[in-house]
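Please walk through this protein from its overall fold down to single side chains. Keep the sequence and the model in view as you read.

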Amino acid sequence: MTVYDEKSRYKNLTPFTVQDGRGRQTPVLPPARNPGEELLGIHALREGERLDHLAAKYLQDPAGFWRIAQRNDAMHPEQLTEQLEIEIPRKKR
């Protein structure tokens, strides 16, 4: 059993199993729902900036880096490192 952080978007999702190409049963989670957050603004990325630092600055939650990635349609945060500008979601109230 996997335990997720209280702030995790996966916390309340129910895992299920699928059969992989080799016939093994593999546990998976359904995709997390998109929170559909409002845009706070655009941030011009500078060399060396990390999403967890930006999440701490704008969202007051470094673990919320995934919200910035999701707002920018990035599956992995690393996809945004070469962008000049990224969208920042509004902080949850």
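What follows moves from the fold to the core, and then to the charged pairs.

This is a predicted model, in which local features need pLDDT of at least 70 and side-chain atom pairs count only at pLDDT 80 or more, while totals for chains, interfaces and linings use all residues. Residues are numbered from 1 along each chain as its sequence is written, and side-chain values use heavy atoms, with hydrogens and water left out.

Start with the fold. The protein has two helices and four strands. Helices (H or I, at least four residues) and strands (E, at least two) are DSSP runs, numbered from the N terminus. Along the sequence the order is β-β-β-α-α-β. The radius of gyration is 16 Å, well over the 12 Å that the globule rule gives for 93 residues, so the protein is more spread out than a compact globule. That radius is taken over C-alpha atoms, and the rule is 2.2 Å times the number of residues to the power 0.38. Along the principal axes, the C-alpha atoms fill a box of roughly 45 × 30 × 20 Å.

Next, burial. Of the 93 residues, 23% are buried. Buried means under 20% relative accessible area, exposed over 50%, and partly exposed in between (1.4 Å probe, protein chains only). Contacts (heavy atoms within 4.5 Å) also reach along the chain. Among those with a separation of 6 or more, 45% join residues 24 or more positions apart.

The largest nonpolar core has eleven residues, among them Leu 45, Leu 54, Ile 68 and Ile 86. Such a core is a set of buried Ala, Val, Leu, Ile, Met, Phe, Trp, Tyr and Cys residues joined through side-chain atoms within 4.5 Å. Helix 1 (51–59), helix 2 and strand 4 (85–89) each give at least two residues to this core. Helix 1 supplies the largest share, four residues.

Leaving aside neighbours within four places in sequence, Leu 54 touches His 43, Leu 45, Glu 49, Leu 59, Ile 68 and Ile 86. Just after the helix, Gln 60 takes a positive phi of about 55 degrees.

Turn to charge. Side chains of opposite charge can pair when their charged atoms come close. The structure holds five salt bridges, each a side-chain nitrogen of Lys or Arg within 4 Å of a carboxyl oxygen of Asp or Glu. One of them joins Arg 67 and Glu 37 at 2.3 Å, N to O. This pair links distant parts of the chain: Arg 67 sits in helix 2 (residues 65–71), and Glu 37 in the loop between strand 2 (25–28) and strand 3 (39–44), 30 residues apart. Both residues are buried. Arg 67 counts as buried because its relative accessible area is 6%. The backbone oxygen of Arg 90 also lies 2.9 Å from a polar atom of the Arg 67 side chain.

Two further bridges involve partly exposed residues. Arg 24 meets Asp 20 at 2.8 Å, N to O. Arg 24 counts as partly exposed because its relative accessibility is 45%. Asp 20, at 23%, is partly exposed too. Arg 50 meets Asp 52 at 2.5 Å, N to O. Here Arg 50 is partly exposed at 45%, and Asp 52 is partly exposed at 23%.

Conventions: A polar contact is a pair of N or O atoms within 3.5 Å; within protein, one must be able to donate a hydrogen and the other to accept it, and residues adjacent in sequence count only if both atoms are side-chain atoms.
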